[in-house]
Amino acid sequence: MSDVEVGTFVQRLRGLMSEIAAFPAPTIAAMDGFALGGGLELALACDLRIAASSAVMGLIETTRGLLPGAGGTQRLPRCLGVALAKELIFTGRRLNGAQAHDLGLVNHAVDQNEEGNAAYHRALALAQEILPQAPIAVRLGKVAIDRGMEVDIASGMAIEQMCYAQNIPTQDRLEGMAAFREKRAPKFVGK
């Protein structure tokens with residue numbers, strides 16, 4: 001690719017990652033193998049990350065004369081803190097799933113199975129835990145967290161208040177409260 005083509009390609013990749021990050025429902029990355037460079041940037045754009053303990057991940061661009069260009073320089077420090085993100089990006093270090101879990105890069109690290117899809121199965125199980133929750137509340141929780149992390153805490157509290165206000169008139173909130181009082185499982189409908 002020419003210099004112009006590279007710039008356009010990376011800009012489109014960055015836009016795609018931003019679209020994934022902004023997706024209104026929770027997103028879960030399952031890493032069963034390699035997630036190097038753009039693969040890890042894709043995982044960082046997701047809300048939750050699951051890795052097989054044998055998975056290999058890293059923002060290795062500096063080992064190839066590049067820097068992360070699809071959001072890695074922005075999402076990794078927000079996930080791990082500035083100093084650790086700089087260390088990982090500057091060195092191009094590769095981590096296995098267990099190391100990534102120890103650092104807080106992934107939510108769960110699981111032992112790989114014979115089929116090579118243990119992280120995928122754990123991600124499905126996590127999705128099944130989220131699925132029965134009130135969809136509007138989950139969506140608004142994601143908005144409150146994502147937007148709140150971009151501002152000071154006072155502004156974040158105002159964002160949370162706005163999201164909470166949007167949830168108050170929902171049928172699901174009333175159903176959740178009624179189910180709690182009646183000691184039964186709620187039946188959310190997304191309204």
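A residue is called buried under 20% relative accessible area, exposed over 50%, and partly exposed in between (1.4 Å probe, protein chains only). The views show a predicted model, in which local features need pLDDT of at least 70, side-chain atom pairs count only at pLDDT 80 or more, and totals for chains, interfaces and linings use all residues. Residues are numbered from 1 along each chain as its sequence is written, and side-chain values use heavy atoms, with hydrogens and water left out.

**View A. Salt bridge between Glu129 and Arg122.** The closest N and O atoms of Glu129 and Arg122 are 3.8 Å apart; a salt bridge is a side-chain nitrogen of Lys or Arg within 4 Å of a carboxyl oxygen of Asp or Glu. Glu129 counts as partly exposed because its relative accessibility is 47%. Arg122 is also partly exposed, at 22%. The structure holds five salt bridges.

**View B. Salt bridge between Lys142 and Asp47.** The two side chains meet with N to O at 2.8 Å. This pair links distant parts of the chain, 95 residues apart: Lys142 belongs to helix H7, and Asp47 to the loop between H2 and S3. Helices (H or I, at least four residues) and strands (E, at least two) are DSSP runs, numbered from the N terminus. With a relative accessible area of 10%, Lys142 is buried, while Asp47 is partly exposed at 25%.

**View C. Salt-bridge network of Glu175, Glu182 and Arg184, with Lys183.** Glu175, Glu182 and Arg184 are linked in a network of salt bridges. Arg184 is partly exposed, at 32% relative accessibility. Lys183 is not a glycine, yet it has a positive phi of about 55°. Lys183 is placed in the segment after helix H9 (171-181) and is exposed, because its relative accessibility is 75%.

**View D. Largest pocket.** The pocket holds about 1,000 Å³ of space. Its lining has 29 residues, of which Ala21, Ala45, Asp47, Ile145 and Asp146 are the closest to the pocket centre. Two or more lining residues come from each of H1, H2, S3, H3 and helix H7 (135-148). H7 gives the most, with eight residues. On a 1 Å grid over the protein atoms alone, a pocket is an open set of points with protein on both sides within 12 Å along at least five of seven lines, a cavity is a set where a 1.4 Å probe fits but cannot get out, and lining residues have an atom within 4 Å of a point. Points are joined across faces, edges and corners, and a volume is the space filled by probe spheres set on them.

**View E. Largest cavity.** One cavity of 30 Å³ or more is counted. The largest cavity has a volume of about 40 Å³. Its lining consists of Leu40, Met57, Gly58, Leu59, Leu76, Leu88, Arg93, Leu95 and Leu105.

**View F. Surroundings of Leu59.** Leu59 lies in the loop between S4 and H3. With a relative accessible area of 3%, Leu59 is buried. Apart from neighbours within four places in sequence, Leu59 is in contact (heavy atoms within 4.5 Å) with Gly37, Leu40, Glu41, Leu44, Pro68, Gly72, Leu76, Leu88, Ile89, Gly92 and Arg93. Between the C-alpha atoms of Leu59 and Arg12, which are 47 residues apart along the chain, the separation is 18 Å.

**View G. Buried residues of helix H2 (residues 38-45).** The buried residues of H2 are Leu40, Glu41, Ala43, Leu44 and Ala45. Their cover includes helices H1 (3-21) and H3 (72-80), together with strands S1 (28-31), S2 (34-36), S3 (48-52) and S4 (56-58).

**View H. Asn167 in helix H8 (residues 153-167).** Asn167 counts as buried because its relative accessibility is 14%. Not counting residues up to four places away in sequence, Asn167 touches Ile136, Ala137, Leu140 and Arg173.

**View I. Nonpolar surface patch of Met1, Val6 and Phe9.** Together these residues have about 320 Å² of accessible area, found by the Shrake-Rupley method with a 1.4 Å probe, where only the protein chains shown count as cover for residues. Patches are made of residues with over 30% relative accessible area and no salt bridge, joining like charges within 9 Å and nonpolar side chains (Val, Leu, Ile, Met, Phe, Trp, Tyr) within 5 Å. Met1 is found in the segment before H1 and is exposed, with a relative accessible area of 68%.
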